[in-house]
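Please open the model in a viewer and keep the selection tool at hand.

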Amino acid sequence: SNAGSAPYLDYRAPTQQELESIRPLLEATWLKENLEQRSIEHAVRTIVPEHLKLVREQRELLLEKTQAAVKSRLTQEIIFWDNRAEELRQQEQSGKTNAKINSQKAFQRAEELRGRLKKRMADLDVEKRISPLPPVAIGGCLVVPELLLRSLRGEDMNQTALFAKETKAVELAAMKAVIEAEIFLGNTAADVSALKRGWDIESRDAHTGQLRLIEVKGRIESATTVTVTKNEILRALNKGNQFILAIVMVPMGSDSTHTNRENIRYVVQPFRREPDIGAASVNYEIKEFWEKGFCPYESAHI
């Protein structure tokens, strides 16, 4: 599956004890097969088409706006010089000449602008023709799931499974609440959490057309901290105002069907700097985000 552009930011190296516990698993047959070729084949089938679609949509939107602006500006200039050429021609027929410019030069300038408009439109059409290059594998790593490590250490998997189930319920409630908020704002929202892009929801702003990248953090109401991975922080810093951190406080015992509107806060530019090199994730006080965020249902922020 697609783990995202930089999944290693969320991983850490195994301790010596963990390495010893998984060493027998490293002799598995599938690890000795041609993993690089299989990875490239998977990328060609799934990852490349998805990435191409995303890039093409963003690129075409920008180019269409550029074409509209270029056409509007050059068309106005062409109309001006066409009118100017006709005006000068009539003056010349009546015996009046202009020492600086004649009708022929004005007409020639209009024709040059037509040629420039045609060429510029053709160049922009060419830029819309985006095609992918063959993917290249530049590295790889073996990721050992945390639950597998816990099982190998003999931990109580029933407790682990219960915790995972409760956490999933909170995540579902938070995602549902944010998507409902985006719909309330008139935006078009899509759950992309499974694509591992560094955010959970992509929402097209109904007014500006801009794509909003929303990372959702759901927490039980009694929680005081929220954990953000290094990868998510770097994504937020890279995307600027396009990135939104959504904090959703889910009532205790709630399922994915109910979250109060006042329990949601959006934070734009939530982080000020990159985390330390050795940090895999950072814990933040929820109060800090809550105070500088805003509720998407408040009319002042719509």
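**Charges over rings, then the cores**

In this predicted model, begin by selecting Arg-261 and Phe-184: Arg-261 lies over the face of Phe-184, at 5.0 Å from the ring centre. Next, select Arg-109 and Trp-81, where the charged end of Arg-109 sits over the Trp-81 ring, 4.4 Å from its centre.

Now display the largest nonpolar core, which has 19 residues. Val-178, Ile-214, Val-216, Val-248 and Tyr-266 touch the most other members. Two or more residues each come from helix H5 (157-184), strand E3 (211-220), strand E5 (243-250) and strand E6 (264-268). Helix H5 gives the most, with 7 residues. A second, separate core of 18 residues includes Leu-213, Ala-223, Ile-247 and Tyr-284.

Return to Tyr-266 and show its contacts; among them are Val-178, Ile-214, Ile-244 and Phe-294.

The aromatic pairs, 6 in count, come next. The rings of Tyr-266 and Phe-294 have centres 6.0 Å apart and planes at 70°, so this pair is edge-to-face. Tyr-266 lies in strand E6 and Phe-294 in the segment after helix H7 (286-292), so the pair ties together parts 28 residues apart in sequence. Both Tyr-266 and Phe-294 are buried.

Then select Phe-271 and Phe-289, whose ring centres are 5.9 Å apart with planes at 85°; the pair is therefore edge-to-face. Phe-271 is in the loop between E6 and strand E7 (281-285), and Phe-289 is in helix H7, 18 residues apart. Phe-271 counts as buried at 7% relative accessibility, as does Phe-289 at 1%.

Note on methods. Residues numbered from 1 in each chain as written. Predicted model: local features only at pLDDT ≥ 70, side-chain atom pairs only at ≥ 80, totals over all residues. Heavy atoms only, no water. Core = buried A, V, L, I, M, F, W, Y, C linked by side-chain atoms within 4.5 Å. Buried < 20%, exposed > 50% of the residue type's maximum accessible area, 1.4 Å probe, protein only. Helix = DSSP H or I, 4+ residues; strand = E, 2+ residues; numbered from the N terminus. Contact = heavy atoms within 4.5 Å. Phe/Tyr/Trp six-rings, centres within 6.5 Å; stacked < 30°, edge-to-face > 60°. Lys NZ or Arg CZ within 6 Å of the ring centre and 35° of its normal. Lists of a residue's contacts leave out its neighbours within four places in sequence.
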